[in-house]
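Please open the model in your viewer and keep the selection panel at hand.

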Amino acid sequence: MCGILGITLADQNSYVAPELMDGCIFLQHRGQDAAGLTTCGPRGRFYQCKGNGLARDVFTPNRVVGLVGSMGIGHLRYPTAGSSANSEAQPFYVNSPYGISLAHNGNLVNTVSLKRYLDEDVHRHINTDSDSELLLNVFASELEKHNKYRVNNDDVFHALEGVYRLCRGGYACVGMLAGFAMFGFRDPNGIRPLSYGERKNEDGTTDYMIASESVVMKAHSFTTFRDLQPGEAVIIPKDCSNAKPEFRQVVPINSYRPDLFEYVYFARPDSVLDGISVYHTRLQMGIKLAQNIKEQLKDERIDVVMPVPDTARTCALECANQLNIPYREGFVKNRYVGRTFIMPNQKERTSSVRNKLNPMESEFKGKNVLIVDDSIVRGTTSREIVNMAREAGAVKVFFASAAPAIRFNHIYGIDLTDNKNLIAYNKSIDEVAEAIKCDKVIYQSLEDLIDCCKTDKITKFEDVFLLGNYVTGVEDGYIHELERVREQNKRNSIEDAKSAVDIGLYNCADY
Ligand SMILES: O=P(O)(O)OC[C@H]1O[C@H](OP(=O)(O)OP(=O)(O)O)[C@H](O)[C@@H]1O
Ligand SMILES: NC(=O)CC[C@H](N)C(=O)O
Ligand SMILES: [Mg+2]
């Protein structure tokens, strides 16, 4: 998951960059590795600032002062394909045809054949290992086929049909055509989230936003918003004071399957995705998990329930309420350390858990503790946490997870290529408990997790990482290619170091 954002302001003389920067801060939890902004100025030119780092570090005042224009897009990157190279920071840009800038959330699963197609059939040069650059070039090549001096909305929708035909995987995108329009589109299975919002101005005009999560809409007073449907696209004219956005269901909905992991971990609790409140699902996860715990730990005494901050808090609190056991914050979180799971290498992830969470000894000494987390993926967090709980004097340590055991790659959104890196891979639940050295692990069942999230409209979810059957299929050699690129970009034996073949480009960060 990355965070994507686009804003088009009605006032053609206004600057969108400050609001885009603020918006990116609201989506920072979706990607900590790189950040980028591209705006489109009055003469139709693009202005860009992007590079590795957090939004607040990349978007310094002297870098964004030159980002002129009332329309712009932003991206927060958590690399899930290619490498962590500076040159893979988004938005991506191609000058032909018409000048296109694109920000992408998701993963394409047919990159091997797309690369070949772009090279051999349509002769487009690809300069990085990013799948987003492929997606942008597929769109550009489809648009080019019209061979027109200027395009219109129909041409853009038509080009998107080509993108849907050629690109497989999970994708939500926001882009711009220089001087013409901003656009957004979502994959036919609705795996990755994307919302569209409107804000009424006092003079009667309307500003528009496209974003990964509703939280940024609300915070910026885009109070009328809805989710784009799977396979749906929207085009918002640059001068939106004179023309209205146009929506089109470009391809039929294949199946409506939002990614279950958005509700478990990715999204902020104060977001509503596909009409489902993330906060509400996490409360439900706590209720269901408590029922499970009552059965599985019926012969045990639990003195205290503790969350693993931050994401598990909502679920753990409700779980404690249901169990009628005191809820205690046993781990104090250092507010200056970001999310561990989306850090790019294992060394960093492991040391980050210790730097981020510190046990409150009084809450552990002589007690049987039930620690609740949203998920156990590689086991980096749970291993360290159990260790810390024991060091702090806990007698028994039980570990509950709001997500079921994760045994397969999450190919549409998690940076993980090898199943063997999953702690539950080829292990029984007792073996997982043994691996993280706790007394018992309790997992939520998939059925219960789906019950926590489903609505009348959405009953199916992208749950491939739990079952292993990919809705989009995966082309032969895809996982191998992902791994190969990762390997290639290892430098000085530091896993996932910035690409050894990093490229400085005129449209890349210049620092
Ligand atoms: O088993 P693992 O591979 O460690 O992954 C799972 C952990 O990673 C995430 O936390 P993270 O620190 O990223 O973010 P948070 O502060 O939002 O909980 C998640 O909430 C789990 O705690
Ligand atoms: N997490 C994401 O959505 C990443 C988008 C894209 N696959 C990249 O690696 O840049
Ligand atoms: Mg966590």
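A residue is called buried if 20 or more other C-beta atoms, placed from the backbone, lie within 10 Å of its own, exposed if 12 or fewer do, and partly exposed in between. This is a predicted model, in which local features need pLDDT of at least 70 and side-chain atom pairs count only at pLDDT 80 or more, while totals for chains, interfaces and linings use all residues. Residues are numbered from 1 along each chain as its sequence is written, and chains are lettered from A and ligands numbered from 1 in the order in which they are written.

Select helix H4 (residues 111–121), where Thr111, Leu114 and Leu118 are buried; helices (H or I, at least four residues) and strands (E, at least two) are DSSP runs, numbered from the N terminus. These three residues lie on the same side of H4 because they cover an arc of only 60 degrees around the axis, taken from the directions from the helix axis to the C-beta atoms. Turn to the other side of H4, and Arg116, Glu120 and Asp121 are exposed.

Finally, select ligand 1, which has 19 residues around it, with Arg339, Thr340, Phe341, Arg378 and Thr381 coming nearest; a residue is near if its C-beta atom, placed from the backbone, lies within 6 Å of the molecule. Helix H12 (residues 380–391) gives the largest share of this shell, 3 residues.
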